[in-house]
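This report goes through one structure by topic, beginning with the surroundings of its ligands and ending with a pair of loop residues. Please keep the sequence and the coordinates at hand while reading.

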Amino acid sequence: MLDFFIKRLIISFGYIANYGYSDASGDYYISIDTDKCNACAKCVDVCPKNVYEIVTDDYDDQVAKVRDTVAKDLKYVCGPCKPVHGAADPPCVLCCATAAIVHSW
Ligand code: SF4
Ligand code: SF4
């Protein structure tokens with residue numbers, strides 16, 4: 001019974017899915033707030049490196065996720081979108097109307 005209530009709590013509030021890794025040079029994670037994600041697929045369409053896909057999660061919701069094939073290589077895959085000087089949000093962050101995507105670097 002306790003498991004049921006915990007699962008309902010998670011469903012009610014969604015969860016943050018983190019994809020990426022840390023190494024000696026820093027933390028390279030893309031976080032997707034599945035409660036905010038409406039599976040519009042704009043991030044899929046705008047990403048030049050095919051980083052995102054839309055999947056059905058463990059709670060039968062359609063959500064964006066980072067492909068497993070690039071999750072351990074994000075620093076390099078996303079490098080061309082990130083200016084060396086001056087902070088600027090990359091295309092995937094800018095296109096997301098619900099602000100579901102956050103990059104750690
Ligand atoms: S653009 Fe945002 S809301 Fe749309 S699928 Fe991507 S993460 Fe989800
Ligand atoms: S930073 Fe660029 S390459 Fe990386 S996920 Fe976003 S749009 Fe795709």
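Which residues surround ligand 2?

## Ligand surroundings

In this model, which is predicted, ligand 2 is surrounded by Val46, Cys47, Pro48, Lys49, Val51, Val77, Cys78, Cys81, Pro90, Pro91 and Cys92. Sorted by class, this shell holds 10 nonpolar residues and 1 charged residue, with no polar residues.

Around ligand 1 there are 14 residues, of which Cys37, Cys40, Cys43, Ala64 and Cys96 come nearest. The shell of ligand 1 divides into 11 nonpolar, 2 polar and 1 charged residues.

## Overall architecture

The protein chain contains 4 helices and 5 strands, and read from the N terminus its elements follow the order α-β-β-α-β-β-α-α-β. Of the 105 residues in the chain, 19% are buried. Among the contacts with a separation of 6 or more, 50% are made by residues 24 or more positions apart.

## The three-stranded sheet

Strands β1, β2 and β5 form an open sheet of 3 strands in the order β1-β2-β5, and the pairing is antiparallel. Because β1 and β5 stand at the edges, each with a single partner strand, one side of each is left without a neighbour in the sheet. From one strand to the next, the twist averages 5°. As a general point, strands of a sheet pair through backbone hydrogen bonds, in either a parallel or an antiparallel sense.

Strand β1, covering residues 16-23, is joined to strand β2, covering residues 26-33, by 8 bridges, and a hairpin of 2 residues leads from β1 to β2. Within this pairing, Ser22 stands opposite Asp27 of β2, while Tyr19 stands opposite Ile30 of β2. Ile30 also has a bridge partner in β5, namely His103, where β2 and β5 (residues 101-103) pair in the antiparallel sense over 3 bridges.

## The nonpolar core

The largest nonpolar core has 18 residues, and those that touch the most other members are Ile32, Cys43, Tyr52, Ala64, Cys92 and Ile101. To this core, β2, β4 (62-66) and α3 each supply at least two residues. In soluble globular proteins, nonpolar side chains tend to be buried together.

Ile32 may be taken as an example of a core member. When neighbours within four places in sequence are left aside, Ile32 is in contact with Ala17, Cys37, Val63, Ala64, Lys65, Ala100 and Ile101.

Is Pro90 counted as buried or as partly exposed? It counts as partly exposed, because 18 C-beta neighbours lie inside 10 Å, whereas a buried residue would need 20 or more. Not counting residues up to four places away in sequence, Pro90 touches Cys78, Cys81, Lys82 and His103. Between the C-alpha atoms of Pro90 and Cys78, which are 12 residues apart along the chain, the separation is 8.7 Å.

Lys82, one of the residues that Pro90 touches, likewise lies in the loop between α3 and α4. With 13 other C-beta atoms within 10 Å, Lys82 is partly exposed. The C-alpha atoms of Lys82 and Trp105, 23 residues apart along the chain, are separated by 9.3 Å.

Technical notes:
Residues numbered from 1 in each chain as written. Chains lettered and ligands numbered in written order. Predicted model: local features only at pLDDT ≥ 70, side-chain atom pairs only at ≥ 80, totals over all residues. Near = placed C-beta within 6 Å. Nonpolar A, V, L, I, M, F, W, Y, C, P; charged D, E, K, R; others polar. Pairing = 2+ DSSP bridges. Buried ≥ 20, exposed ≤ 12 C-beta atoms within 10 Å, placed from the backbone. Contact = placed C-beta atoms within 7 Å. Core = buried A, V, L, I, M, F, W, Y, C linked by C-beta atoms within 7 Å. Axes fitted to C-alpha atoms, helices over the stretch in contact; angles between N-to-C directions.
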